Amino acid sequence: IPQIAATPEREADHEGVFQAAQGGTLFLDEIADIPLGLQVKFLRAIQEREVTPLGSTRPIKVDVRLIAATNRDLAADVQAGSFRSDLYYRLNVVHLKIPPLRQRRDDILPLTLHFLNSLSEQQEVEAPRLSSEVMQQFVAYAWPGNVRELKNVVERIIVRHGGQVVTGGEF
């Protein structure tokens with residue numbers, strides 16, 4: 001994570017992630033990839049419920065709900081010494097294990113329809129219609145990239161086929 005030199009102007013201009021999430025939720029994606037040095041800072045912010053902005057000497061109280069996600073086994077990372085045990089136990093209050101999409105085939109079509117509608121609306125184009133053959137291909141595919149891959153495939157279909165009927169092999 002790049003650091004910016006602290007100046008009085010910059011301190012006022014840029015909030016940190018905890019300040020930006022004040023009163024809301026901070027989603028920490030791929031928490032296992034955060035370097036050990038930064039893990040210490042996250043731990044302090046979580047424990048003390050305060051942060052000290054870069055270039056400041058005064059801590060600021062923060063009220064933030066944290067959601068952390070990873071595709072790795074954090075307990076194994078703790079054992080290997082690549083993730084702090086104290087941070088692991090602070091974050092591991094409610095643990096949700098979500099199986100990969102290939103193990104949740106019933107979720108594929110509802111997610112596909114959701115992405116078709118929301119992304120088409122976002123891009124201001126008519127949503128393409130998927131043939132039953134394409135829907136069967138979606139359900140049969142292993143989706144190694146999980147929901148992100150599904151979303152990207154749907155977005156590609158929208159860009160290529162907005163408002164059209166999509167038949168097999170066109171995505």
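A crossing of two helices is termed right-handed if the near helix is turned clockwise from the far one by less than a right angle. In the predicted model examined here, the crossing of helices α6 and α8 is right-handed. Helix α6 spans residues 108-123 and helix α8 spans residues 146-161. The two pack at an angle of about 50 degrees, and their axes lie 9 Å apart. That angle makes α6 oblique to α8.

The contact is formed on the α6 side by Ile108, Leu111, Thr112, Phe115, Leu116, Leu119, Ser120 and Gln123. By residue class, the contact of α6 with α8 comprises 10 nonpolar, 3 polar and 2 charged residues.

The largest pocket of the model has a volume of about 1600 Å³. Its lining consists of 40 residues, of which Ala68, Ala69, Thr70, Asn71 and Leu96 are the closest to the pocket centre. At least two lining residues are supplied by each of α3 (36-48), β4 (65-68), α4 (74-80), α5 (85-91) and α8. Strand β4 gives the most to the lining, with 4 residues. The lining of the largest pocket divides into 23 nonpolar, 6 polar and 11 charged residues.

Methods. Residues are numbered from 1 along each chain as its sequence is written. This is a predicted model: local features need pLDDT of at least 70, side-chain atom pairs count only at pLDDT 80 or more; totals for chains, interfaces and linings use all residues. Side-chain values use heavy atoms; hydrogens and water are left out. Axes are lines fitted to C-alpha atoms, for helices over the stretch in contact, and angles run from 0 to 180 degrees between N-to-C directions. Angles under 35 degrees count as roughly parallel, over 145 as roughly antiparallel, 65 to 115 as roughly perpendicular and the rest as oblique. Contact means heavy atoms within 4.5 Å. Ala, Val, Leu, Ile, Met, Phe, Trp, Tyr, Cys and Pro count as nonpolar, Asp, Glu, Lys and Arg as charged, and the others, Gly among them, as polar. On a 1 Å grid over the protein atoms alone, a cavity is a set of points where a 1.4 Å probe fits but cannot get out, and a pocket is an open set with protein on both sides within 12 Å along at least five of seven lines; lining residues have an atom within 4 Å of a point. Grid points are joined across faces, edges and corners, and a volume is the space filled by probe spheres set on the points.
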